[in-house]
Amino acid sequence: MADGQIDLQGGLRRLGKDALIAQLHEERPLCRDVNGFWVASRFDDVRAILLDHARFSSSAMAGGRGGRPDGPLGGIGFPLLTDDPPRHSVLRGLLAKAFTPAAMEAMRPTIERLAKNLAAAIPMGREIDVVEAMTSPLPVAVIAGMMGVPSDRAMDFKRWSNAIMGIQDNPFEGERIRMLMELRAYFTALAAERRASPGDDLVSALTQSSDTTEVLTDDQVVGFCILLMIAGNETTTNLLGNLINRIADEPRYWAALRDDPGLIDGAIEESLRIDSPAQMLMRRATADVAIGGVTIPAGEPVMVYLASANRDPTRWGDPASFELARERERHLAFGHGVHTCIGAPLARMEAKAAMSALVDRFSSVARGREQGRRLPGGGLLFGFRSLPVVFG
Ligand code: HEM
């Protein structure tokens, strides 16, 4: 890396992630990319930027995904994720009740039952795609349940979120647009239905006003639904796939988890750290900000590189190696500051339920003969589209 700008996507392709991140830490922890955004890769800088919502706005999270007024989503964006305080605080309040520790505890038996049933359906000694068998259906069923969406629509959730994230199997743009229109129509009808007769679910909560909150328009409710659908399933699927992938490389890890299921929590945290399901976030500087001798000018976008912050060599020894029982240090995989993932406790509960059910039923895991397929590289999300394994 010479002085001047870096080429992050090119570097990822050329060097691979491990080497690129090591190089960023060593040579260019805060620098500008050839595509005009800044890249923050040190743990302390990333944490400071995420805490400083006044000078680093989340408006940059809007990106280009379907938000254009003439696009298939008719300009619907992601409320909450793209909002700054004070509006952000009001919107977050709408979800808060559904994510309290008590609400999470109440969901635990259902989540554990779902995970056990999925594990029980996996045949022993036969190659299966664990994404299809466990890592995808569990979070989809959970978030669909929270939104009060009937379980027969669960497969649509997966197709729709893949279409939004641009990771669908069908490569035709026309098909993608058709799916985006389909999901918009579905959530618009759902919002209208719940506004008219609310139930005890997240979508109803979003449609109801209170003394402290404004009434959201149908489009805003639809945007929220899309955010929850994606946030609730893609990332958790990726966490579980990434973890099983790491463990399949080291058979002794499965034995260790079986011997001592108390290690599962730490294994989940280590997976979140080293294979962060959300690799990066975006912010926009609202003023000139100096960080460690570098000034980011007002108005410029900043890529907050979570995957790199979580491998900062000043915090973790040998940061690119997966260690099952690593000394716990707080990672940033769920973000930091006002936007910290509201679903983090839920994601951890689902991952634990899935791993416990699998470890309980099977005495080993090995890679299948088919290659696993990663999500398209270099993007926001890091995980598997398919991961063939054999449980024994
Ligand atoms: C392993 C799984 C997950 C990971 C790695 C993850 C990661 C993240 C990250 C990094 C953010 C911060 C975004 C920002 O600062 O701009 C975030 C926000 C969010 N996450 Fe998650 N998430 C996960 C699971 C979930 C689940 C299961 C749900 C819901 C059911 C969820 C709902 C949300 C929501 C609504 C936000 C926006 C919060 C706000 O802007 O205040 N996430 N997530």
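User: I'd like to learn how to read strands. How many bridges join β4 to strand β12?

Analyst: Strands of a sheet pair through backbone hydrogen bonds, either parallel or antiparallel. In this chain, β4 and β12 (residues 388-391) are joined by three bridges and run antiparallel. Two strands count as paired if DSSP finds at least two bridges between them. Across this pair, Ile128 stands opposite Val389 in β12.

User: What should I know about the model itself?

Analyst: It is a predicted model, where local features need pLDDT of at least 70, side-chain atom pairs count only at pLDDT 80 or more, and totals for chains, interfaces and linings use all residues. Residues are numbered from 1 along each chain as its sequence is written, and side-chain values use heavy atoms, with hydrogens and water left out.

User: How many helices and strands does the chain have?

Analyst: Helices (H or I, at least four residues) and strands (E, at least two) are DSSP runs, numbered from the N terminus. This chain has 15 helices and twelve strands.

User: In which order do the strands of the sheet with β4 lie?

Analyst: The order is β4-β12-β9, an open sheet of three strands with antiparallel pairing. Its edge strands, β4 (127-129) and β9 (365-367), each pair on one side only. Neighbouring strands here are turned by 40° against each other on average, direction ignored.

User: Which strands stand at the edges of the sheet of five?

Analyst: That open sheet has the order β1-β2-β8-β5-β3, with mixed pairing. At its edges stand β1 (30-32) and β3 (56-57), each with a single partner strand, so one side of each has no neighbour in the sheet. Two bridges join β3 to β5 (residues 281-285), and these strands run antiparallel. There, Phe56 stands opposite Ala285 in β5.

User: How do I describe two packed helices, and at what angle do α1 and α2 cross?

Analyst: Two packed helices are described by the angle between their axes and the distance between the axes. Axes are lines fitted to C-alpha atoms, for helices over the stretch in contact, and angles run from 0 to 180 degrees between N-to-C directions. For α1 (residues 8-15) and α2 (residues 17-27), the axes come within 7 Å and cross at roughly 125°. That makes α1 oblique to α2. The words follow cut-offs: under 35 degrees is roughly parallel, over 145 roughly antiparallel, 65 to 115 roughly perpendicular, and the rest oblique.

User: Are α12 and α15 roughly perpendicular or oblique?

Analyst: The axes of α12 (residues 251-259) and α15 come within 9 Å and cross at roughly 95°, and the two helices are therefore roughly perpendicular to each other. In their contact (heavy atoms within 4.5 Å), Trp254, Leu257 and Arg258 in α12 meet Met355, Leu358, Val359, Asp360 and Arg361 in α15.

User: Which protein atom is the donor to the iron of the ligand?

Analyst: Donors are N, O and S atoms within 2.8 Å of the metal (3.2 Å for Na, K and Ca), and sites may look incomplete, as water is not among the atoms. This iron has a single donor from the protein, the SG of Cys341, 2.3 Å away. Cys341 lies in the loop between α14 (306-309) and α15 (344-361).

User: Where is Pro86, and is its peptide bond from Pro85 cis or trans?

Analyst: Pro86 sits in the loop between β3 and α4 (87-96). The bond from Pro85 to Pro86 is cis, with omega near 5°. Leu80 is also in the loop between β3 and α4, and has a positive phi of about 75° although it is not a glycine.
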